[in-house]
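Hi there,

Here is the structure I promised to pass on to you. Please have a look at it, and then read on for what turned up.

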Amino acid sequence: MKNFNISTLKNLVTNFDKFLDRFIFMNLYYRTLQSFRHTFFLFCLFTFIIVTKNLTFAEPAAGFGTEDNFAFTPAEKIAVLSKAEETLKWALSSTNDALNTTPAEVFRKRITPIELMQAAAILREKNKIEASIKLRELLSYLNPTSAECFDIEDRLGNTILDSFKDDAEIPQVRNGGNGGWNGTGLNSTEFIRKGAEKFLRDDLTAAEKIAIINSPKKPIDLMKAIDLLISTGRAALTRHYLKKFLDTKITPAECAEIVNEIGMKRLIQIYTSRKLAPQGEQTVNLILNESKKYWHDPEVIAKAVNNLTIKFDKRKLDDERLSLDNFTPSIILPESLKTFQTIWQGGHISVVQLLSKLSTVNNSTQADEILTALLSIGGDVKESLAVSLNSDNPILLKNAIRGLNTVISQDEIFLLYPIAFSKKAGVSAEIKNIAYEIILSKSGAGVSQKNNIRNDIQKNSVNALYKRGRDYYSQNRHLRADENGYIKLWNWNEKKLSAEYIQLKLPDAYRLLAYRYAKLAYETADEHDSNFDNIKQFYAAALFDYISFMNGLDNPLDLESTGLIRVAASLSLDQLNRIITDAISEEHFEVARVAATAWRHVGDVQSFISDSGVQIHPLIRAVGASDRRLRFAALETIMQLNPQLAYQGSSIVTDTLIWFSRAEGRKSIVLLHPKLSEGTRLAGYFIPLGYSSEIATTFRKGFILAAESPDVEFIAVDSDYNSREVAELVRLLRKDNRTYNIPVAVFRSEPQKKPKTFAGNPSVMEFQLMQKADRLALSAPFSNSLSLFYPRPASDETAQFIESDLLKKTSTVIVPAVIRSEQAKKSLSWIKRSIIAADSGQKIYHYENLEEFVSRVVHGFQHIVEGLEIAAEIRSANMQLIIYDIAADSSLPISIRQQAAQFFESSIKKHGILLRGKQVQNLYDRYNASETESKESQNLLSRILDIVEEKAK
């Protein structure tokens, strides 16, 4: 097997196949041989796979990395190597005389010059130096042309050719002929380079020589040479200059110049040509990416915008009679083309600067030129002009109206309604009349009708704006998002007083558009219109939604700076209540949250109590809603109102106070598995992510754990339970407001192989499982999209993916742990206040198992101080004993123990000594046992005894 190679294996398979065919034809042991034939063929095939799999190729050296060189698949490399070995075997078995007498055409049928040299390079890479030399010595017998020599030099590169010179290679002897060239006494490297030089010197056309004779170095000159060489079909030479181009340093401005000079048609040809790959694709990508930087440079665009009015021939402009009725780039004068092209390529950056220019240009001729440039950009420029109508700048308003007049259709006239009927102080009567005249002309109203239809136009315009805003608010209008779920919109930045191009997630885009049209409808509507109250209420709701998005879900809401108090104060309490009620029913929870926050500033406790006496108040509905941010906002409003009389729904407030106070500010999950040991193992994968886990083996226990803890961020259920049980659990979770929005990950029950991970991501196998089961498999009777299937985690990386993917796909934004902790502290302070109020006769909130609750808070240690404060207010021997236990616990920090001692003293002073008999004796025993403790600890215990003895006197 010493000389065994792939070709030998192929011949063995082929010949044995023919051999057996002859026997089979003779019907000798037909079935046996047929079976043996298949078995032997499979054996050979298996051996072939093993051999090819174990063939290793060294990584290409410099110059070997392109598709034209050696970026081959393993199978392609094997094919080239096999051909080289066959040729080598044939060549070595022949004499030089035989080779000399062999026609080049016959030799070329076995291997071409390029294939020969590529094979020689591969053999050398495999350290088969002698075989590589033998192949290269055969080059002269292939009689390569000078063009082929140039192609070989281009494909192999200088590094490979230089490496050949180190080998003891016999010089070539050339006879010439067959389109070749005469060369004697040269090794293969010299042979190829001499031939390439001849090609560059003699075999080029006059035009090609002109293109390269001066060895162009500037990027623009190189691209002009490339442009000419492409037209003459010189692929190898073109690649040579593309490589040179890629090696040069080039600026964004030079790339922009190349795009202008060469044109996109030629660049596309370079990019798509297989003969020029991969240099062609790399070159075009470089040019386009760098030129984009140039055209998106604000300074470059600003200069182009400023040059607009400078480079125009005023007389020619007057002759052309440029007007807003005839916007087209075709009338632009030649000397301004470069300026316009920079503006067109600049995209939305150009739009912003042109709009800024329009706010200062009061000359109609100059404004027309800027509008020409603006409207010729295309795309969503119309929207940028529409949002500019929010400006108080009269010059920009006038120019924007004139621009819109050119491009809006009859169906889009509503864009001008807010200006025509505006109540803003900055909109003059002249501008209103311009807008109104355009509306009339677009609507086709005659002169006699103009005075009679004004009210109808205003009413119809308000209804159109109101309807469009409601459609966006309810997400009934389709918006086309990109592949990442983003929408790009123009918006008016009221702080910067300019239009801006923003990118928003789809839900946020709906919020912005709803607010925009609600505001326009509100500003356009007549206060005496019968529908005005509904429009005003909708405007407030859309504003609340928009402000919440701008502010962030968990950031403090500044009602003064956002103008919310002013808007809320303009509403009646009945309107504000309706906003909360409607928002909850429509699941616009952010609207209800902001409205509930605003209620405390515009309403009063008397209104709250009187309304609650008739029916459940909207704030109480909010406290019982499924969105925890809304629940706490409503709870905080009621606590700040601080009712002194009983009201309907106080029990809901009590339960909510207790629930929020249980938060410990930690990340937690509930994991359900019928086997405790297996559930604990699965929960271990989530520990590195910072989660503490509560394990439940029954659905009832799992539900209770999830419902009672405000810290549960998601629930994991193993599908070893049957699907009906899992479905019942999910339905149960969705019925309770405490668990309604908690996402659920259902782990698949199929046995999983140990996953292979790549760069910290789950394996392909796991992704395929997710794709099959994503968004609830058909076999899962769950109706809520907050429940998703995942493979059972088998690594920390898989657990991390499940966490991030679950939150992303269910659109769950977790309330941060630090905020949950702050909410718990506030709730405990309100509970303490209500207990104190109850002692004075205001028994509004009734707490069941209060001592058990306080004991749980104190021993949870997250809010131990707040728990001790409440314990000190409760008249109970158990509470005094709990406070003392904390003060006497030597494992706690001395600062906590000292605070506990102060609360113990406070309880004694307020309620007297409630401890009796043995409980008091235990205090003395504990002090006597502190002999080995610190002086501070002994003094603290002594102080407690002094407090008891002083009170007992």
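Strand E3 (residues 486–493) and strand E4 (residues 498–505) pair in the antiparallel sense, with 8 bridges between them. Tyr-486 stands opposite Lys-505 in E4. The two strands form a hairpin, with 4 residues between E3 and E4. In that turn, Leu-497 has a positive phi of about 55°. Please bear in mind throughout that this is a predicted model.

On to the sheet. Its 5 strands make an open sheet in the order E6-E5-E7-E8-E9, and the pairing is parallel. From one strand to the next, the twist averages 25°. Within the sheet, strand E7 (residues 712–718) and strand E8 (residues 744–747) pair in the parallel sense over 4 bridges, and Asp-718 stands opposite Phe-747 in E8.

Which strands does helix H37 touch? Helix H37 (residues 699–708) packs on the sheet against strand E5 (668–672), E6 and E7, and the direction of H37 makes about 150° with that of E6. Helix H40 (residues 796–809) also packs on the sheet, where H40 touches E7, E8 and E9. The angle between the direction of H40 and that of E9 is about 150°.

Next, a helix pair. Two packed helices are described by the angle between their axes and the distance between the axes. For helix H12 (residues 219–231) and helix H13 (residues 235–247), the axes come within 9 Å and cross at roughly 165°. Because angles over 145 degrees count as roughly antiparallel, H12 is roughly antiparallel to H13. The crossing of H12 past H13 is left-handed. On the H12 side, the contact involves Pro-219, Leu-222, Met-223, Ile-226, Leu-229 and Ile-230; in H13 they meet Leu-237, Thr-238, Tyr-241, Leu-242, Lys-244 and Phe-245. By class, this contact of H12 with H13 has 10 nonpolar, 1 polar and 1 charged residues.

Is helix H43 largely enclosed or left open by the rest of the structure? H43 (residues 864–873) has 9 of its 10 residues buried, so H43 is largely enclosed by the rest of the structure. Among the buried residues of H43 are Ile-864, Val-865, Leu-868 and Ile-870, and also Glu-866 and Glu-873. The buried residues of H43 pack against H41, H42, helix H44 (877–888) and helix H45 (894–911).

Finally, some backbone points. Most residues other than glycine have a negative phi, and most peptide bonds are trans. Asn-642 has a positive phi of about 55° although it is not a glycine; Asn-642 sits in the loop between helix H34 (628–641) and helix H35 (650–661) and is partly exposed, with a relative accessible area of 30%. Asn-849 has a positive phi of about 55° too, again without being a glycine. The loop that holds Asn-849 runs between helix H41 (817–839) and helix H42 (850–860), and Asn-849 is exposed, with a relative accessible area of 55%. A cis peptide bond, with omega about 0°, joins Ala-277 and Pro-278. Pro-278 belongs to the loop between helix H15 (264–272) and helix H16 (279–295).

Best wishes

Key: Residues are numbered from 1 along each chain as its sequence is written. This is a predicted model: local features need pLDDT of at least 70, side-chain atom pairs count only at pLDDT 80 or more; totals for chains, interfaces and linings use all residues. Side-chain values use heavy atoms; hydrogens and water are left out. Axes are lines fitted to C-alpha atoms, for helices over the stretch in contact, and angles run from 0 to 180 degrees between N-to-C directions. Angles under 35 degrees count as roughly parallel, over 145 as roughly antiparallel, 65 to 115 as roughly perpendicular and the rest as oblique. A crossing is left-handed if the near helix is turned anticlockwise from the far one by less than a right angle, and right-handed if clockwise. Contact means heavy atoms within 4.5 Å. Ala, Val, Leu, Ile, Met, Phe, Trp, Tyr, Cys and Pro count as nonpolar, Asp, Glu, Lys and Arg as charged, and the others, Gly among them, as polar. Buried means under 20% relative accessible area, exposed over 50%, partly exposed in between (1.4 Å probe, protein chains only). Two strands pair if DSSP finds at least two bridges between them.
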